[in-house]
Amino acid sequence: MRLGRGFTAAEFERAFRGFRELYNADPKAIQCSPDVLERFAALFEGGDPAASARALRYGGVPLAAAVLAPGTAAFEGEVDEDRMGDW
């Protein structure tokens, strides 16, 4: 998911919801480019500079830094093909 460097809390929430709606499952992990992780900490952890060094979570799902293009978050999970898609 391409969020961009200056995404808002609502845009992150929409991306999370989009994964859930498309695959009918919660993501198991969210891998983020370093800038996304830093922005996430600023938005959801009150701007605490040490937040990105802690184990961050969103909706119970762990976030981690990964080597990704700037502004990118990868939502990962196990998807049951029988449950995903059009309901």
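The following legends describe close-up views of a predicted model.

**View 1. The four-stranded open sheet.** The strands of this sheet are arranged in the order β2-β3-β1-β4, and their pairing is mixed. Because β2 and β4 (73-76) stand at the edges with a single partner strand each, one side of each lacks a neighbour in the sheet. Neighbouring strands are turned against each other by 30 degrees on average, direction ignored. Strands of a sheet pair through backbone hydrogen bonds, in either the parallel or the antiparallel sense.

**View 2. Strand β1 and its two partners.** Three bridges connect strand β1 (residues 29-32) with strand β3 (residues 61-65), and this pairing is parallel. Towards β4, strand β1 runs antiparallel, with four bridges joining the two. Residue I30 illustrates both pairings: it stands opposite L63 in β3, and it also stands opposite F75 in β4.

**View 3. The β2-β3 hairpin.** Strand β2 (residues 56-58) pairs with β3 in the antiparallel sense over three bridges. Within this pairing, R57 has P62 of β3 as its bridge partner. Two residues lie between the strands of the hairpin, and G59 in the turn adopts a positive phi of about 60 degrees.

**View 4. Helices on the sheet.** Helix α1 (residues 9-23) lies across β1, β2, β3 and β4, and runs at about 30 degrees to β4. Helix α2 (residues 34-44) also packs on the sheet, where it touches β1, β2, β3 and β4. The direction of α2 makes about 75 degrees with that of β2.

**View 5. The largest nonpolar core.** This core comprises 18 residues, of which L3, F12, I30, C32, L63, A73 and F75 touch the most other members. Two or more residues are contributed by each of α1, β1, α2, β2, β3 and β4. Around L3, leaving aside neighbours within four places in sequence, the contacts are E11, F12, A15, V36, G71 and A73. Two of these contacts, F12 and A73, are themselves named among the core residues that touch the most other members.

View 6. The structure holds 12 aromatic pairs. One of them is formed by F12 and Y58, with an edge-to-face arrangement, a centre-to-centre distance of 5.1 Å and 80 degrees between the planes. This pair links distant parts of the chain, since F12 is in helix α1 and Y58 in strand β2, 46 residues apart. Both F12 and Y58 are buried.

**View 7. The surroundings of K28.** Residue K28 is found in the loop between α1 and β1. With a relative accessibility of 57%, K28 counts as exposed, because the cut-off for that class is over 50%. Leaving aside neighbours within four places in sequence, K28 is in contact with V61, P62, E76, G77 and E78. The C-alpha atoms of K28 and P62 are separated by 7.5 Å, although these residues are 34 apart along the chain.

Definitions and conventions:
Residues numbered from 1 in each chain as written. Predicted model: local features only at pLDDT ≥ 70, side-chain atom pairs only at ≥ 80, totals over all residues. Heavy atoms only, no water. Pairing = 2+ DSSP bridges. Axes fitted to C-alpha atoms, helices over the stretch in contact; angles between N-to-C directions. Contact = heavy atoms within 4.5 Å. Buried < 20%, exposed > 50% of the residue type's maximum accessible area, 1.4 Å probe, protein only. Core = buried A, V, L, I, M, F, W, Y, C linked by side-chain atoms within 4.5 Å. Phe/Tyr/Trp six-rings, centres within 6.5 Å; stacked < 30°, edge-to-face > 60°.
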